[in-house]
Amino acid sequence: MALRAVWLIRHEPGTPLGGTVRFSRRYPTVEKRAKIFNGMNYVPVPEDGPFLKALLFQLRLLDDDKDFMERRDGCSHINKTSIYGLSVGGEELWPVVAFLRDSMIYASVPLVEQALSPRPPLISISGVSQGLELLLGIQDFLYSSQKNDTDLHTKLSQLPDLLLQACPLGTLLDANLQNSLNSINSVSVTQLQKQPAWKVGAYKGKAQISISITETVKCMQYGKQDIADTWQVAGTVACKCDLEGVMPAVTISLSLPTNGSPLQDIIVHPCVTSLDSAILTSSSIDTMDDSAFSGPYKFPFTPPLESFNLCHYTSQVPVPPILGSYHMKEEGVQLKVTVNLKLHESVRNNFEVCEAHIPFYNRGPITHLEYKASFGQLEVFREKGLLVWTIGQKFPKSMEISLSGTLTFGVKGQNKQPFDHICIGNTAYIKLNFRIADYTLTGCYADQHSVQVFASGKPKISAYRKLISSDYYIWNSKAPAPVTYASLLP
């Protein structure tokens, strides 16, 4: 995940070359790695002149180049991305990330950590997205609050130092170059404490700490006595610490209520300096008993400049947040469905989003529907064979809602209706999508008053938490259990 080279080229129609290289940066260490990874297909990064000519030709920006060229303009070379292959010295340099904005061409050559023949798919080359992210960050920096060409020249002159901070040795750390500029301006020449090699700058500004806990619940409900329902919670604690000083120290504590479900399988960020052994040994494969560690979970660490995930965890909560049953029965050309949902009494009844998707794939379009919903609104996507039951922000006081209906389908068109390998015949399901703010299913929360900070200034501390659903299915209890989806749960 690195870059071999970066260019900024001013497009100047009417000039002999058609443009001018305003900035370029090569990374020799990354180039050596490219030579090893690419093997016989390795193509070296050219000098600025040949690269400029090849890129302008590929982008059709040369004044004297309006003729059709098969290797560039043929139908087999239609480009739907900003990724190109440049012909340089009889060889093709690929991939090259390039785009034109405001008469400036932004280009980079990412490292491909594998052989180039056969050509690997772009999705497997992580350096492509990094190269594009850096170029967009440079564009934002150059044209934010720019007033004239003098401002542009000043910002271009700052790029060498900024890339030392944002992209050292070709590895992108922060695409926001303004952060790098602030870091450079904040470094004191009289700094007594040595800057660690892994921290490329220092923060200067208002001290603040942001803590965000996101829990994702997965669930499979079959409605059968011989098959047990399964569910699991996975949590992520994300942090952003804006603190002055070279090596500020922070300790964050995660707490649980009295009846909270213990956190398990905890994985921490490398910046965490020490950890209680009871936290590390708490695992979901252990037998749950009264001796299970239930916190508080303390994480002392020295934060990096960017946002990071302090830890990941899982938990086995006693019940899923929403219990449901789904019955589907075919009667001739009609299909009768019944859905019952119940919100567990321990769950906060205040949703940002809550809806149930009821697909009828592998059939024709819905031609007729009669239904009765005790709560919420039902939207019909006839051609897609989909019902969306929008429950809203709250369940009723009874915490129970139901939906029943009768559907009729038309003739299935050729390759027009959606297809699902699972949703065939009676093997049908409901997928729930919901999100609850300021709530976690385990009860886990960050105690703002217990956050310890060893740095100059008193930071403002903010903490957020939310619960979201992922792969939350209720299967038709009249059909065999679809074992294929068991792999969705760890």
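Tutor: A crossing is called left-handed if the near helix is turned anticlockwise from the far one by less than a right angle, and right-handed if clockwise. The model is predicted, with local features requiring pLDDT of at least 70, side-chain atom pairs pLDDT 80 or more, and totals for chains, interfaces and linings using all residues. Residues are numbered from 1 along each chain as its sequence is written, and side-chain values use heavy atoms, without hydrogens or water.

Helices are DSSP runs (H or I, at least four residues), numbered from the N terminus. Helix 4 (residues 126–143) packs against helix 5 (residues 149–166) at about 140°, their axes being 10 Å apart; axes are lines fitted to C-alpha atoms over the stretch in contact, and angles run from 0 to 180 degrees between N-to-C directions. The two helices are therefore oblique, the class left once angles under 35 degrees (roughly parallel), over 145 (roughly antiparallel) and 65 to 115 (roughly perpendicular) are set aside. Their crossing is right-handed. From helix 4, Leu-134, Ile-138, Phe-141 and Leu-142 meet residues of helix 5 including Leu-152, Leu-156, Leu-159 and Lys-155, contact meaning heavy atoms within 4.5 Å.

As for the rest, the largest nonpolar core has 49 residues. Such a core joins buried (under 20% relative accessible area, 1.4 Å probe, protein chains only) Ala, Val, Leu, Ile, Met, Phe, Trp, Tyr and Cys residues through side-chain atoms within 4.5 Å.

Methods: Buried < 20%, exposed > 50% of the residue type's maximum accessible area, 1.4 Å probe, protein only.
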